[in-house]
Amino acid sequence: MKHIFYLIMSLMVCTGTSAAEPQTAAQELIQRLKAIQKKGMMVGHQDDPVYGMNWKWEKGRSDVKEVCGDYPAVMGFELGGLELGRETSIDRVPFARIREEIVDQHLRGGISTISWHPFNPATGESAWDPSGNAVKEVLEGGAQYEKFAKWLDMMASFLNSLKTPDGKKVPVIFRPWHEMSGGWFWWGTEDTTPEQFKQLFVYTYEKLTKEHGCDHLVWSYSPNTGYKDYMEHYPGDEYVDLLGIDIYDFDHNNDKYTASVRHDLTELTRIGKEHGKLIALTETGSQRLPDPNWFTQVFWEAVKDFPISYTLWWRNAWDTPKEVYMSAPGHPTERDFRKFAKLKKTLFVKDIRKIK
């Protein structure tokens, strides 16, 4: 047997092959996402375990769980403000709490996705200030290059701190520079060319993965609905793992929302197949949810025929009444959401826990 082993090893050396390298945490999550996608669509909710429609900061609570009996399969968290050395995010959630919730979600079998709305490095204003040629200034040769490099160092430090009690990295879906096809962010079309955006995305990727070893990030690219060309800002297949789209119903027009969703998901499905990428509805919701049957009769009818990995509903903000996108106890959609949750293809934590 020893002779056979040495013969095999000799042949591997001669042919330039080697034993299979262990997968990174990100690769394992991608593989898992593909397996889950065959079962249905994961239900996600922004800031789900840290506050809700009528509560804040209590541990163990969740509007989703309190309506349907289970946590969402995907939880979204925001890191804006971390780059300034703050202790809480732009949504006033302590970063220590966010770290804790991401680990807890992983341990219960769920998945987390992270967004980042950093302040404008050129003006010092919020992410929603598109002035100052900020992207140009943070790229190499720009006046804010050193500042931005330090911001990414701080991001990497936090991301690399996402570990289980036994020290294993927790894989997450990382969604930087989203909605770039709109003009409301400093990395959007108002003050940034597509080429500059691509350089920003690639630089972020290279800095976090190559320099800081953040090999547990599944990278998401997600324009907003109304884009001119979905791929206009695309940095390349080697930098993206998942294709998303952000679509909201701010007009409370069910027909308009349905048409937008079907149009964009049709194109996203085609592009995803062409590039071999996962696809997702990375942000959505109907502000205030005025239609009591919105989940089953509007949303599900629009998306049920598309192979999306997950949908992330935006937050239920306890301090902003209009910011209610997910059902909650006492909300008129409560009964409809329970019906939605019982559909075979809507997946929550218990549905995906054993899927590897």
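Begin by selecting helix H9 (residues 294-303) and helix H10 (residues 334-341) in this predicted model. Their axes lie 8 Å apart and meet at an angle of about 50 degrees. Angles under 35 degrees count as roughly parallel and those from 65 to 115 as roughly perpendicular, and H9 and H10 are therefore oblique to each other.

Next, display the side chains at this contact. H9 contributes Trp294, Phe295, Thr296, Phe299 and Trp300, while H10 contributes Asp336, Phe337, Lys339 and Phe340. Of these contact residues, six are nonpolar, one is polar and two are charged.

Now move to helix H6, residues 145-159. The 15 residues of H6 reach 21 Å from the first C-alpha to the last, close to the 21 Å expected at 1.5 Å a residue. Which residues of H6 are buried? Select Phe148, Ala149, Trp151, Leu152, Met155, Ala156, Phe158 and Leu159 to see them.

The helices are H4 (95-107), H5 (134-138) and H7 (194-211). The strands are S3 (111-116), S4 (172-176) and S5 (217-221).

Finally, select strand S7, residues 278-286. Is this strand mostly covered or exposed? S7 is mostly covered, with nine of its nine residues buried.

Methods:
Residues numbered from 1 in each chain as written. Predicted model: local features only at pLDDT ≥ 70, side-chain atom pairs only at ≥ 80, totals over all residues. Heavy atoms only, no water. Axes fitted to C-alpha atoms, helices over the stretch in contact; angles between N-to-C directions. Helix = DSSP H or I, 4+ residues; strand = E, 2+ residues; numbered from the N terminus. Parallel < 35°, antiparallel > 145°, perpendicular 65-115°, else oblique. Contact = heavy atoms within 4.5 Å. Nonpolar A, V, L, I, M, F, W, Y, C, P; charged D, E, K, R; others polar. Expected span 1.5 Å × (residues − 1). Buried < 20%, exposed > 50% of the residue type's maximum accessible area, 1.4 Å probe, protein only.
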